[in-house]
Structure formats: C-alpha cells, structure tokens
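Here is a quick tour for anyone meeting this structure for the first time. Have a look around before reading on.

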Amino acid sequence: LLLCVCASFLITCLHVYGSDELTVYIVHVKGSEDVTFSAAEQWSDWYCSLLNSAKDAANVADLRIVYSYRNVITGFCARLRQREVEAMSKLDWFLHAYPSPVYRPLTTHTPEFLGLSQPSHSVWNATNMGEGIIIGILDTGITPGHPSFDDDGMPPPPAKWNGRCDLNASACNNKLIGARSFVNYDKVTRRSTATPVDDEGHGTHTASTAAGAFVTNASAYGNARAITASGMAPRAHIAVYKVCNEDTCHGYDILAAMDAAVDDGVDVISLSLGGPSADFHSNPVAQGGFKAINKGVFVSCSAGNTGPNRGTVTNDAPWLLTVGASTTDRSFLSTVKLGDGQELDGESLSQPRDFESKMLPLVYPGHATGNENSSFCLSGSLDGVDVHGKIVVCDDGGNGKAEKDDVVKSAGGSGMIIVNSPDFAYSTLVEPHLLRTSNVPYADGLKIKAYINTTSAPTATIIFKGTVMHTPHSPAMASFSSRGPSQITPGILKPDITGPGVNILAAWTSAFEVFSGTSMSCPHLSGVAALIKKAHPDWSPAAIKSAIMTTAYATDNSRGPILDETPPGRLVRGRSWSRGPAEGHGPRTRLRPHAPRLHSLPLRPLRQQPCPSYSWRTSELLLREEHQRSRAELSFHIGQAAGDPFDAGQLHADSDQRQGAKVDVPGDG
C-alpha cells in the first residue's frame with residue numbers, strides 16, 4: 001500500500017463538462033496480466049501513469065491520488081471531479097468508480113457465558129486461547145499501556161507478520177504487535193499525521209473484547225468487580241488500524257487499512273463500523289472483504305444499530321460474517337418499588353450504596369403538564385413543575401440520558417426513572433448517572449404511569465441490587481440490532497448470527513467502560529473465529545463461517561426459544577453463538593427456532609472439506625442437504641418479521657412474506 005501524494009490545489013482540469021467540486025473517488029481498474037509488481041512503489045507508479053493518460057490530465061495524478069491499493073482491490077482512490085470521472089470511464093483500463101462513503105463506529109463475563117472456559121469441554125484449552133493468530137482491528141485506534149494489552153507470557157508474533165508499529169518503541173509488545181493510522185495522511189512522509197492512539201475509546205473497547213489479556217478485578221463504576229475480564233481469544237495477537245477520526249470513518253481509509261492488514265499477515269479482520277447501504281460493487285467493505293476472504297482472511301462486521309425495523313442491516317454482503325447484538329445473563333439491577341407494592345426490575349450502571357430505600361413522592365411531568373417536552377425531561381421543560389425531593393419519571397428519547405440527569409437534578413429531583421420507548425421495549429442499556437436512576441422496559445413504564453394516574457399521592461423508591469448473574473432467558477435479541485433482509489439483495493438472509501452486544505464491560509481509554517451496540521458483538525465473533533482458525537488452520541473463511549453458524553445455540557439458558565426484546569408482534573427468528581437470551585422483564589416476543597443444541601467443539605463445516613471460496617448459492621444448497629440429512633432445521637438469525645418458512649429453493653425479493661427451509665440464526669450471546 002502506498003500513498004502517491006494528495007492535494008486539492010495546483011490542478012489541471014480536464015476539458016469536459018461537469019462538476020468542479022473535488023470528491024474522493026474509489027477507482028477500480030483492470031488488472032495488468034502481463035506485468036507483475038514486486039514493490040508497492042511500482043503499483044503506485046502504474047496507477048499514476050493510468051490517471052495521467054486521461055485526456056488533458058498530464059502531471060495531475062501525483063497531486064490527486066490518495067491511496068494505491070494492491071491486495072483487496074486493483075485500483076486507487078483520488079480526488080476527482082465528476083466530469084473527470086466521466087472522461088476516465090471511456091478509457092480501456094477503467095472498470096468502475098464511486099464516491100467514497102462515510103462510515104461510523106457502532107456504539108468480561110462473556111467468555112464464560114459463551115462457554116469458552118467451561119472446565120468439561122473448554123474451547124480455550126482446545127485452541128490455546130488463539131495463540132499465534134493475528135486479529136486486525138479497524139476502528140478508532142488503541143490505548144497503549146492498558147492492562148488488557150499486557151503481553152505477560154505471550155510468545156512473539158508468528159514469522160509471517162509483516163506489519164509495523166507507529167507508536168513509541170515501548171508501546172507495542174507481543175500482544176499489541178502493530179498499530180498504524182490511516183487518518184489524515186501526510187503527502188510527504190506518506191504516513192498519517194494522526195497517531196494510532198485512541199482518543200474516543202471505541203477501538204480500545206472492541207480490541208480488548210476480541211483478544212484482550214486477563215485483567216483481574218475489572219469493573220466500571222464499582223460494578224462486576226469480582227470478575228476477571230478478558231477477550232474471546234486472550235492469547236491472540238492484536239494489530240490495530242486507525243480509520244476513524246472522532247465519529248467519521250472514510251471508506252477510502254477503511255479500504256487502505258484492509259489492504260495493509262492483508263499485506264501484514266492478519267488472520268481475522270474485525271470491523272465494528274457501519275455505513276450506508278450500497279450496491280456491493282460500490283461498497284468498499286464488501287469489495288475489500290471479498291478479496292481479503294479470497295486470500296484466506298476472515299472478515300467479521302457489525303450489523304448496525306438501527307433496529308428493530310426491517311431492512312436496516314448494514315455490511316450485508318453474503319461473504320462477510322454480519323453480527324447482530326443480543327444480551328448476556330448479567331444485569332445491573334435497580335428495582336423500582338411502587339407505593340402499592342409492585343416491584344419492577346430496571347437497570348443502572350450507578351449503584352449507590354448510601355441510597356435509603358424510603359418511599360419518595362413520584363411524579364410524571366408529562367402527565368402533570370400535558371407537555372410532550374416535559375415527558376422527555378428536556379432542558380427547561382420542568383420549569384414550574386414541582387419535582388423537588390421527588391422521583392421523576394422521564395420518557396427515553398428527545399435528548400440524551402445524561403441531559404435528563406442534569407435537567408432533573410437542576411430542578412431538585414431526588415431520583416429518576418427512565419422509561420424505554422415502544423421500539424426499544426425490553427432493551428435496557430445502562431449508563432452512569434448523577435441521580436439515583438432506574439431504566440425500565442416500556443411495558444413496566446406503562447405500569448408506573450398507570451399507578452401515578454390512579455393514585456392521589458403516588459410514591460416509589462429504587463432498590464439497587466448491584467451486579468446480578470444468571471439472568472434467566474438469556475440471550476435475547478436486542479431491540480436496536482439491525483434487521484434483514486438486505487436492501488441490496490432481499491434474498492440474502494442477514495444478519496448471520498448474533499453475539500453479546502448489550503451492556504458489555506471492556507477496556508476504555510481510562511480503565512473499563514460498559515457499552516452496547518453491534519460494535520460490541522462483532523469483536524466477540526472475531527475472537528471466536530480466531531479460536532477456530534487456531535484449531536483448524538487449514539479451514540477457509542467460508543468453512544469457519546459455516547462452523548460458527550451451524551454450531552450456534554437456538555435456545556436460551558432456560559432451555560426455551562430465544563426471545564426478542566422488540567414489542568410483541570415483531571417476530572425475529574434467531575440463533576446465538578452462546579447459551580441463551582435474557583427475559584428479565586416480562587413476556588418478550590418468542591423466536592421460533594427448530595434446531596437442536598449443537599456444541600461448539602469439535603467444529604466441522606457443513607462438508608468435511610473446507611470450501612475454497614464462499615458462494616451464497618452453494619452455501620444455501622449445502623444447508624438444504626444438511627437439513628435433509630439430519631432432519632434438523634438449521635437456524636440463522638435473519639432479523640426479519642414473522643412469515644411463512646423461507647424456501648431455500650425460491651429466493652425472491654418479496655419483503656412481506658418469505659418461503660423456505662426455515663433457516664433461522666441465533667442471537668449470539
């Protein structure tokens with residue numbers, strides 16, 4: 001991978017009609033059959049010569065080309081005008097060009113929950129915790145020196161490692177073996193002006209989830225202190241590629257990082273990023289992932305956080321592993337006790353020990369004022385409302401939970417109950433709070449409001465129960481997890497599987513933090529892929545994907561069908577690479593799996609020989625053969641509304657009803 005030099009000035013314009021605005025385009029070119037290049041510089045020179053061959057574009061390439069790709073696509077990205085692209089499209093070396101899209105980050109106990117460390121059949125023992133496998137993390141960077149990236153007892157990276165560390169000499173070690181940035185490249189040094197250091201925390205969180213080292217007494221705000229945190233593959237190596245600046249991740253940087261990761265020798269690429277839905281030929285993640293997989297690199301991606309509506313899944317190319325989010329069996333309980341004796345379980349990351357469980361007056365400003373802004377506890381909306389010394393009920397939405405905290409505290413409130421929106425239903429995402437707070441499911445919020453409306457002097461208290469393990473009916477599909485079918489090809493069943501993505505404790509720029517999202521579930525499966533790769537180094541990415549999907553659980557830890565945390569009526573079939581969903585708070589929508597419990601090891605693909613490359617049609621037929629052979633219906637989480645069974649022989653784009661081999665996938669937890 002080489003940077004030619006980019007500048008958006010001193011340019012010779014092509015004499016063609018079109019826009020004068022410079023935009024970064026990703027340009028695919030025909031491969032050179034009679035020329036082979038041994039060095040990155042030769043690729044760069046060749047691309048520059050192609051661009052310079054365009055009409056009236058002499059000497060422009062050196063000023064315009066940003067990246068020269070050679071591993072995941074044959075092509076380059078450059079700052080071009082639309083009219084220049086139109087002129088270029090007439091040349092015989094040109095294949096396709098499209099504006100680079102923008103992606104964004106999709107924002108512990110889980111190894112035990114997934115069964116990786118069970119004494120009787122430990123996956124960790126069978127795979128030596130992923131030792132010798134390299135996981136490439138494309139994200140916001142890394143926090144060097146964090147205990148999750150300590151290399152105590154780690155062997156050196158394998159001989160195939162070809163990457164580099166752009167941190168201080170002592171920052172990288174046998175755990176964190178590589179760190180590079182692809183944000184704001186400098187035209188002279190051909191390196192980023194930004195360091196690979198993580199200023200946001202997102203990349204640190206995902207890296208430690210995939211392959212973090214063991215850290216004892218890891219906790220966030222005093223919660224889960226008794227546990228030892230680790231990633232899914234604690235002895236795997238980590239290579240970090242910073243592709244995001246704050247919440248912006250450019251497609252051309254992502255493609256450059258994928259290109260470099262393949263060249264560096266990674267085994268797994270983990271992408272906790274999401275972007276707009278686009279045709280696969282104009283999608284840098286789909287394009288880069290395809291070539292990476294063909295070269296033996298497994299690619300795991302987030303499904304997106306825009307559920308529960310249908311057709312919201314991102315990273316939906318069939319060759320990628322697309323990961324949804326589900327709960328674990330750990331809760332941070334804060335129970336609301338009403339004056340009539342009802343107790344309703346919510347959650348909060350703040351668990352004060354000095355909060356007296358005495359009854360306080362309870363008020364819902366939305367009912368008291370009839371003002372929608374007051375129901376959300378927006379800034380200024382509680383003026384004139386008597387909330388002093390009371391527990392205040394606020395609907396989720398309209399503003400952030402931290403702002404609700406500030407508004408209620410400034411108005412004199414003593415506590416807060418946040419009620420989920422109808423779409424979020426039973427998914428309670430914990431945050432730290434200034435006030436004593438409980439975030440309750442939507443159905444329980446209705447009970448609280450009904451009590452307020454029928455009582456002259458309503459009261460309540462919040463009982464903080466700390467970190468509670470073994471929550472029944474776990475995992476459950478998170479309401480925010482994006483659902484299929486694919487907008488580009490509705491016949492593609494996506495997401496493929498789910499992983500733990502709700503209230504996940506992992507490393508942060510300072511100590512540890514709890515976050516939720518498919519960004520958190522994706523690295524769980526990246527780590528699992530690393531373990532399988534260690535156990536079966538000759539398996540192709542398609543074989544590993546097959547093994548993950550077909551050995552996933554279709555039932556929860558209560559031995560019932562996996563549930564969905566969306567409102568009743570939104571049926572989502574699912575399968576989880578774990579042990580089960582979280583019921584927690586009342587009747588959730590049932591997923592209807594029809595597969596037996598399949599154990600994680602020994603892992604076998606659908607056929608005894610690994611598939612040389614991934615074909616959705618081939619995979620579909622293999623699934624049908626396996627279905628007929630075992631008389632078991634394999635479950636693949638597709639995140640779509642209930643309908644007739646899906647017919648694997650008749651894929652069609654009807655978004656309302658699907659016929660078929662009841663292919664369901666679990667919610668991984």
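Which residues does Tyr241 touch, not counting residues up to four places away in sequence? They are Gly136, Ile137, Leu138, Asp139, Trp161, Arg180, Phe182, Ala257, Ala260, Ala261, Asp264 and Val266, where a contact means heavy atoms within 4.5 Å.

## Before going further

This is a predicted model: local features need pLDDT of at least 70, side-chain atom pairs count only at pLDDT 80 or more, and totals for chains, interfaces and linings use all residues. Residues are numbered from 1 along each chain as its sequence is written, and side-chain values use heavy atoms, with hydrogens and water left out.

Helices (H or I, at least four residues) and strands (E, at least two) are DSSP runs, numbered from the N terminus.

## The cores

Tyr241 shows up again here: together with Ile254, Tyr241 touches the most other members of the largest nonpolar core, which has 46 residues. Such a core is a set of buried Ala, Val, Leu, Ile, Met, Phe, Trp, Tyr and Cys residues joined through side-chain atoms within 4.5 Å. Buried means under 20% relative accessible area, exposed over 50%, and partly exposed in between (1.4 Å probe, protein chains only).

Helix 7 gives the most to this core, nine residues. A second, separate core of 39 residues includes Ala207, Ile238, Leu321 and Leu531.

## Helix 7 meets helix 8

Helix 7 and helix 8 pack with their axes 9 Å apart, at an angle of about 10°. Axes are lines fitted to C-alpha atoms, for helices over the stretch in contact, and angles run from 0 to 180 degrees between N-to-C directions. The two helices are therefore roughly parallel to each other (under 35 degrees; over 145 is roughly antiparallel, 65 to 115 roughly perpendicular, the rest oblique).

On the helix 7 side you'll find Gly251, Ile254, Leu255, Met258 and Val262, and they meet Pro284, Val285, Gly288, Gly289 and Ala292 of helix 8.

## Strand 16, tucked inside

Six of the six residues of strand 16 (residues 321-326) are buried, so this strand is largely enclosed by the rest of the structure. Leu321, Val323 and Ala325 point one way, while Thr322, Gly324 and Ser326 point the other.

Strand 16 pairs in the parallel sense with strand 15 over three bridges; strands pair if DSSP finds at least two bridges between them. Here Cys301 has Thr322 as its bridge partner. Four bridges also join strand 16 to strand 25 (residues 497-500), again parallel, with Ile497 as the bridge partner of Val323.
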